[in-house]
Amino acid sequence: MPERKVWWSDENYLTLFGRQTSAESADQGRSSAIASLPINNLYPRSIVLTPDGADAIAISLVVASTWEGRIEHLPHTRVVERWNLATRTRRWSRTLPDLPERGNSSAHADLVTLGPQGLYATRCMRVGAPAWDTRCLVAALDERTGALGPTETLSYTDSWFSWTGRFQQASAGRRFTLVDGRTNSSPYFLIFDDRGRRAAWVNASCARFAEGGPEERPTILIDEQSSLEKNAVLYGRFNLIKDASACQLQQESKEAEEHLNSRSLRHSSFRWLGGGRRIVWSSLTQRGSERGLEWDELPKAHVLDVDRVGLPGPLPAPPGMERKRVLLSGSGSDLYAQADKGFFHLEETGFVLDSAPPAPGYVLNQRDDVLLAGNYQGLDASKFRLLLGKRQPGKGIAWQRISAVSQFTPDFVSFEDAGRPRILIAGGKEGLQWIDARTGQMLLRSCGGGAEPPGRCSDKGETDYRGLVMSSARKTAFTMHLGLQSIRYNNSFAEIELSTGKILRSFPAPDWDTSAPLDLPMGWVEKERRFWIEGMLMHSRRASVTMVTIPEGGAAPRYDSFAALGWYPDFGADPEGRFFMFGRDHDTIDVFAPDGTLVVTLGTPDDGAFAQARDGRFACTGGACDELRCVVGDVARPVTDPACAAFRVEGFSILEELARVRKARD
């Protein structure tokens, strides 16, 4: 970029990194994050900043499902989007027309160009005949609105070319763009003009534009080992100079990439207390084969009251367990901690020893009902043994074994039918199971239709129920039904009547990648209107959370997917449907309103805590203040700078910040 050097990574959203150059900046010469954009299941292929540095324009490959009368997967679809870096909101999005020839989407090369002539999206692909033939489609777009303008098709027969997308540099006058390319294992760089057309190519293992220089004939610095004879055709249009510093930019980019790859991956897990009144989350640093671990060290767990003004604070350890590993579990209104044989329940005063569970396992809870998914049982050890617990004030939990089992970590809802307590469990291929909460006996089972008397579901794969979310009236619930995996577009979301199991309505669901067992848990994003479901979308090769907007009056559902880092997303949604959260590395989480608007960012490094709102207000304690920056204009300043005093507050209330967002929107 002309004003500053920027790198980007698509890990856990699209994050832009830049080296600070201002002499007034607290981070001069240091590479730091500029913004993290919640790009929805897109693979960014090319990015450019606007001249003022306020917005980023990216061309991306779509990997999410779309609705075209049925669920369609369009792996070749490209979109161009413009994002504001300060507010992390999308200004516009435009789908690009198809390439003249279809082929392997990963072999296509993409470039977005912003220059004096306007905004252009260039897409190229190699075609089979003749042997050296590259076809490109250049589309013009309106920089302000994204409106699609004229398109032209170009063909290059001198050689086929592609580019990696890892290195792009605009000339000082934004007249040309230099892109790292490859052909026949010979390193070279492509030069595109400000209309997205290929202008030339440079034979060099590294190259960059010199700072300054004439706009019409910019100077290109190449490595000293490059052959000037092979680049003779460039003389007259570009000024080529061998220079020992030519590799400087790529070295910096390599350093930034190595820095990103060397960082430990910290995954967060979220729990909700008091119906969403308090949030508890904990982070676990994982490397390599340790990625699948689910243990949390309690000293790294934090708690925050969503309605009080303040910062996250450490979660106290259970008595006697200060230096031991525990498993945090629970959902909805309670939090449990298991360490060795101890079983603890979080009260207002801290963790209190509870009755010992009859078996190790994962605990789910709703109000006073608790479900324990214990060890596998059965001849093939393929099913969870489930136990139902009832919390008794002052007496802990009374446990009873129930006749329901589950192939995956189950979801469940509790309700009353004619005054009788019932539990409905989604048990994967075991179907939907209705349990009498008093006796533990199964009353009904659904294997792919209405509820029937207890019986065994067939092994043909017609039934596979994952996840449950209950309506506020506690009369109906939504569930995910996976159909035969040999048939595409065979999954559905169904709303069922709790008392009878009758399907009230059903609508298509995306195809999930079930090559490995997935629990596919569900929950509300916005009560009665939108729910979320975790999984791994086909073609995406990454975990994601999909928001499903419930259709009304026969309308088609809407799907919005958020990509995430790791197999299981670092994601949590308030049980009341007021907000949701995504975890980022370094113990940092983003809080979003139901419509996807960023509300506040929270951080809990090893020493202290910080929080920052979208308008620049911030709070911090301890060592977190050493890393936090206040941005005044375009300059990053330490939070001790007098210019930051106007932005500093004591803390944040998530509910108050949500009210601010709603007021601004309305």
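Let's start with Arg-529: it is partly exposed, because its relative accessible area is 39%. For the cut-offs, buried means under 20% relative accessible area, exposed means over 50%, and partly exposed lies in between (1.4 Å probe, protein chains only). Glu-526 also counts as partly exposed, at 24% relative accessibility. The side chains of Arg-529 and Glu-526 meet in a salt bridge, 3.0 Å from N to O. A salt bridge here is a side-chain nitrogen of Lys or Arg within 4 Å of a carboxyl oxygen of Asp or Glu.

A word on the source. This is a predicted model: local features need pLDDT of at least 70, side-chain atom pairs count only at pLDDT 80 or more, and totals for chains, interfaces and linings use all residues. Residues are numbered from 1 along each chain as its sequence is written, and side-chain values use heavy atoms, with hydrogens and water left out.

Back to charges. How many salt bridges does a search of the whole structure find? The count is 28. Take Glu-657 and Arg-617. Their closest N and O atoms are 2.8 Å apart. Glu-657 lies in helix α3 (residues 654-665), and Arg-617 sits in the loop between β50 (609-613) and β51 (618-621), so the pair ties together parts that are 40 residues apart in sequence. Helices (H or I, at least four residues) and strands (E, at least two) are DSSP runs, numbered from the N terminus. Glu-657 is buried, at 6% relative accessible area. Arg-617 counts as buried too, at 15%.

Next, Arg-466. Its side chain meets that of Asp-464 in a salt bridge, 2.7 Å from N to O. Arg-466 is buried, with a relative accessible area of 4%. Asp-464 is buried, also with 4%. Arg-466 has another contact: it lies over the face of Phe-408, at 3.6 Å from the ring centre. The criterion is NZ of Lys or CZ of Arg within 6 Å of the ring centre and within 35 degrees of the ring normal.

There is also a salt-bridge network. It links Asp-55, Arg-82, Arg-91 and Glu-143.

Now the rings. The structure holds eleven aromatic pairs. Rings of Phe, Tyr and Trp (its six-membered ring) pair if their centres lie within 6.5 Å; planes under 30 degrees apart count as stacked, over 60 as edge-to-face, and the rest as tilted.

Is the pair of Phe-493 and Phe-507 stacked or tilted? The centres are 5.9 Å apart and the planes are at 45°, so the pair is tilted. Phe-493 is in strand β40 (residues 492-497) and Phe-507 in strand β41 (residues 503-508), 14 residues apart. Both Phe-493 and Phe-507 are buried.

Compare Phe-580 and Phe-592. Centres 5.3 Å apart, planes at 15°, so this pair is stacked. Phe-580 is in strand β47 (residues 580-584) and Phe-592 in strand β48 (residues 588-592), twelve residues apart. Phe-580 is buried at 1% relative accessibility. Phe-592 is buried at 2%.

One cluster to look at: ring pairs link Phe-478, Phe-493, Phe-507, Trp-524 and Phe-531.

Last stop, strand β10 (residues 109-115). Seven of its seven residues are buried. In a regular strand, side chains alternate between the two faces of the sheet. Both faces of β10 are covered: Ala-109, Leu-111, Thr-113 and Gly-115 are buried on one side, and Asp-110, Val-112 and Leu-114 on the other.

Which strand joins β10 through seven bridges? That is β11 (residues 118-126), and the two run antiparallel. Two strands pair if DSSP finds at least two bridges between them. Leu-111 has Thr-122 as its bridge partner in β11. β10 and β11 form a hairpin, with two residues between them.
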